[in-house]
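Welcome! Take a moment to look over the structure below, and then we will walk through some of its parts together.

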Amino acid sequence: YKLSVSPEMDIMEYCRKEWRGNTPAAKRMRKGYEAVAQKFASIRRIRGDNYCAFRATLFQALSQATQLPRWLQSENFTTLPENLLSKYDWIKQWQLKQKPGKKMGETSDEIKEYLILLRKKWKNISEIKGPLEKQEACDKLFKNEEEEYSLYEALKFLMLNTAIELYNADKSGKRVPVFSWLLFARDTSSNPCQLMHNHLNHIGHSGGLEQVEMFLLAYALQYTIQVYRLYKYSTDEFITLYPNDPEEDWPVVTLITEDDRHYNIPVRMCQETML
C-alpha cells in the first residue's frame with residue numbers, strides 16, 4: 001500500500017539521502033535544496049504516478065484553504081458537463097480513469113459527481129480552523145484512493161473547460177495569456193478536441209502534466225503555482241511561476257521538482273519567512 005503523501009521529513013536530511021555523490025548534478029541539487037531550506041523546514045514526498053502534479057497542487061491548495069474559491073461557488077459549476085456536452089459532441093470521448101468504454105450519458109453524470117465531491121471536500125476542509133485538524137483532514141482524504149482519483153478527474157475536466165474558454169476567447173479576438181497560444185500551437189493540440197484526445201485523456205494513465213499544462217491547471221484553479229525547479233538552480237528559471245504574470249488575488253501554492261516530471265511539496269515555512 002503506497003501513501004499518496006508521505007509524512008514530513010527535514011529537507012536537508014532528505015537531500016543528503018538522495019544526493020550523495022560529487023557529480024555536477026548532485027552539487028546543483030544540494031544547492032537547490034539549500035535555497036529551499038531557507039524558506040521551508042520540511043518536505044513531503046508525493047506518490048510518483050502520473051498524477052503527481054495534480055496531487056501536489058491539490059494537497060497544497062486544500063491544506064491552506066480558508067474559504068471556497070469563487071469559481072467553486074458559482075451556480076452553474078456542477079452543470080458544466082451537461083452544458084459543455086450540449087455544445088461539443090466530441091466530449092463524449094472523455095476517458096474516465098479505469099472506466100474505458102462507458103456510455104456517455106453516464107460519463108456526464110460521473111463527472112458531475114466528481115465536481116460535487118471537489119466542492120464538498122474543499123468546503124469541508126476550508127471550514128476547519130485548527131491547522132493540525134486541517135492537516136489531518138487532508139491526510140485522510142489523500143489516503144482514500146477512490147475519492148482522490150475522482151478529484152483528479154474533476155481537475156482534468158476543469159482544465160478542459162478552461163482550455164475551451166481560452167480557445168474561444170482567442171478566436172473572437174480577445175486577449176489571452178501567452179501560454180494559451182503555446183498550448184494550441186502544438187501539433188498534438190491545435191484545438192480543445194485534440195487537447196482532450198492527445199493529452200488530457202492520457203494524464204494519469206500514460207503521462208503526467210507537461211509544462212504548458214501546468215499553466216492550464218493554474219488557470220483552471222485560479223491559483224499561482226510556484227515551483228522550485230532544482231535542476232535549474234542558479235538560472236532565472238530556478239523559481240518558476242505558473243502563470244508568470246499571476247492575478248494578485250490568486251493564492252499561491254509551492255511545489256518542488258528535480259526534473260519537471262515528479263513533484264514533491266515543501267512544508268513548514270521558516271519563521272523568518274512568515275514575518
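Strand β6, made of residues 263–269, is mostly covered, with five of its seven residues buried. Keep in mind that this is a predicted model.

**Strand β6 and its neighbours**

- Strand β2 (residues 40–44) is joined to β6 by four bridges, and the two strands run antiparallel.
- To find one of these places, look for F40, which stands opposite M269 in β6.
- Strand β5 (residues 252–257) is also antiparallel to β6, and two bridges join the pair.
- Here, I256 stands opposite N264 in β6.
- β5 and β6 form a hairpin, with five residues between the two strands.
- In the turn of that hairpin, D260 has a positive phi of about 65°.

- In what order do the six strands of the open sheet lie? The order is β1-β2-β6-β5-β3-β4, and the pairing is mixed.
- β1 (9–10) and β4 (239–242) stand at the edges and have a single partner strand each, so one side of each is left without a neighbour in the sheet.
- The partner of β1 is β2: two bridges join them, and they run antiparallel.
- Within this pair, M9 has I43 in β2 as its bridge partner.
- A handy rule for looking at strands is that, in a regular strand, the side chains alternate between the two faces of the sheet.

**A closer look at L255**

- L255 lies in strand β5.
- Is L255 buried or exposed? Its relative accessible area is 0%, and buried means under 20%, so L255 counts as buried.
- Leaving aside neighbours within four places in sequence, L255 is in contact with several residues, among them A56, T57 and Q60, M214, I225 and Y263.
- The list of contacts of L255 also includes N264, the residue of β6 that I256 stands opposite.
- L255 and M9 are 246 residues apart in sequence, and their C-alpha atoms are 15 Å apart in space.

**Helices α3 and α7**

- The axes of helix α3 (residues 52–63) and helix α7 (residues 131–141) come within 9 Å and cross at roughly 150°.
- That angle makes α3 roughly antiparallel to α7.
- α3 passes α7 in a right-handed crossing.
- On the α3 side, the contact is made by F59, L62 and S63.
- On the α7 side, the contact is made by K134, Q135, C138, D139 and L141.

**E148 in helix α8**

- E148 has its place in helix α8.
- With a relative accessible area of 1%, E148 is buried.
- Beyond its neighbours within four places in sequence, E148 is in contact with S4, R55, L141 and F142.

- In helix α9 (residues 178–185), the residues F179, S180, L183 and F184 are buried.
- Why do the buried residues of α9 line one face of the helix? Seen down the axis of α9, they fall within an arc of 130°, so they line one face.
- The face of α9 turned away from its buried side carries the exposed residues V178, L182 and A185.
- What do the buried residues of α9 pack against? They pack against α8 (145–171), α10 (192–198) and α11 (211–221).

Methods:
Residues numbered from 1 in each chain as written. Predicted model: local features only at pLDDT ≥ 70, side-chain atom pairs only at ≥ 80, totals over all residues. Heavy atoms only, no water. Buried < 20%, exposed > 50% of the residue type's maximum accessible area, 1.4 Å probe, protein only. Arc of directions from axis to C-beta. Contact = heavy atoms within 4.5 Å. Pairing = 2+ DSSP bridges. Axes fitted to C-alpha atoms, helices over the stretch in contact; angles between N-to-C directions. Parallel < 35°, antiparallel > 145°, perpendicular 65-115°, else oblique. Left-handed = near helix turned anticlockwise from the far one by under 90°.
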